[in-house]
Amino acid sequence: MAAPTAYAARTAYSLIATDLDGTLLRGDDTFSDRSLDALARVAAAGARHLVVTGRPAPRVRPLLDRLHSRGLAVCGQGAQLYDAGANRLLWSVTLDRELAETALGKIEAEVGQLYAAVDQDGVDGLTLIEPGYRMPHPTLPALRVGRRDDLWCEPISKVLLRHPTLSDDELASTARSVVGSLATVTMSGPGTVELQPCGITKATGLALAAEHLGLRPEDTVAFGDMPNDIPMFDWAARGVAMANAHPELKAVADEVTTSNEVVGVAGVLDRVCVVPATGDRLTGTGDR
């Protein structure tokens, strides 16, 4: 595809890494026309767009179809590198199920009963939820099982936790204090505290994807809204938090833009990514 005539065929950033929920996606699970247009223009100018999300590959595939993306996506908080064109995982790391059970037991010893769910590994993996667990995102499909032991029937990429009274911040903080090296604890959205393989973050998945693409941290601008995006911001040259982002992410961001419901990602892409033929960065519409 030829670059639009208003821009040179190069960008200030060659890799655009975006979270989905709370970032590129609006609350109704749709992409704005403005976002789609901005992504198309930076792609035409030579940049690569990479989705970096906590959603597992099977829950990302329909969204990639809407983005007309047939390339790579980082899924499962960095535990999966998914090739959309081939519908296969190029790389995946599973969470040891015995370690997951042990971690759950340690957390429950501190906070009382938890409700748990798991994302199974693989391109056709299911999301299983135990009795009492309520999906924080009602549009995502899940299969309810009869008891917790049923969660461990197949390899998993992560465990999702909910507590009946504790806030997400309180639950995540306690989980980190007792889990240790059994798992990595992340908070990826309202009602979404997760356990994933130790050492796996969005940054590890993003780094692997960038290596496949021949790109580097200094080529990358990253967008996100939750604490699970902090490692990605640390890795990328520039981190942009949404106005609706968690305070922990805003504290480490290079910039805070408007919310995912307004201009958000598109405004920043318009302003800092596409380089006009003169070589000066576009100031255009900014974040309005």
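Entry 1, the second largest pocket. I began by asking which element gives the largest share of the lining of the second largest pocket. It is H1, with five residues. I note that the model is a predicted one. Helix H1 covers residues 33–44, and strand E3 covers 48–52; each of them supplies at least two residues of this lining. I have the volume of the second largest pocket as about 420 Å³. I listed 18 lining residues, and those closest to the centre are Leu-39, Ala-43, His-49, Leu-67 and His-68. By class, I recorded eleven nonpolar, four polar and three charged residues in this lining.

I found His-68 in the loop between H2 and E4. Its phi is near 60°, which is positive although the residue is not glycine. Is His-68 buried or exposed? The relative accessible area of His-68 is 70%, so I put it down as exposed, the cut-off being over 50%.

H2 runs over residues 57–66, and I marked Ala-57, Pro-58, Arg-59, Val-60, Leu-63 and Leu-64 in it as buried. What covers these buried residues? I noted that the cover includes E3, strand E4 (72–75), strand E5 (80–83), strand E6 (88–92) and E8. For the spacing, I wrote down the general rule: an α-helix has 3.6 residues a turn, so residues three or four places apart point the same way.

I traced an open sheet of six strands in the order E9-E8-E7-E10-E12-E11, and its pairing is mixed. Strand E9 (143–144) and strand E11 (184–189) are the edge strands; each has a single partner, so one side of each has no neighbour in the sheet. I checked which helix packs on this sheet. It is H4, residues 168–179, and it touches strand E10 (156–162), E11 and strand E12 (192–196). The direction of H4 makes about 165° with that of E11.

I also looked at one pair of strands inside the sheet. Strand E7 (residues 115–120) and strand E8 (residues 127–129) run antiparallel and are joined by three bridges. For Asp-119, I found the bridge partner in E8 to be Thr-127.

Of its 35 lining residues, Asp-21, His-137, Ser-188, Gly-189 and Thr-192 are the closest to the centre. Which elements give two or more residues to this lining? They are E10, E11 and E12. I divided the lining into ten nonpolar, 13 polar and twelve charged residues.

I placed Gln-196 in strand E12. With a relative accessible area of 0%, Gln-196 is buried. Leaving out residues up to four places away in sequence, I listed its contacts as Gln-77, Leu-95, Ser-157, Lys-158, Ala-183, Thr-184, Thr-186 and Thr-201. I followed up Gln-77, which lies in the loop between E4 and E5. The phi of Gln-77 is near 65°, a positive value in a residue other than glycine. Gln-77 is at 1% relative accessibility, so I counted it as buried, the cut-off being under 20%.

Key: Residues numbered from 1 in each chain as written. Predicted model: local features only at pLDDT ≥ 70, side-chain atom pairs only at ≥ 80, totals over all residues. Heavy atoms only, no water. Pairing = 2+ DSSP bridges. Helix = DSSP H or I, 4+ residues; strand = E, 2+ residues; numbered from the N terminus. Contact = heavy atoms within 4.5 Å. Axes fitted to C-alpha atoms, helices over the stretch in contact; angles between N-to-C directions. 1 Å grid on protein atoms, 1.4 Å probe; cavity = no way out; pocket = protein on both sides within 12 Å on 5 of 7 lines; lining within 4 Å. Nonpolar A, V, L, I, M, F, W, Y, C, P; charged D, E, K, R; others polar. Points joined across faces, edges and corners; volume = space filled by probe spheres on them. Buried < 20%, exposed > 50% of the residue type's maximum accessible area, 1.4 Å probe, protein only.
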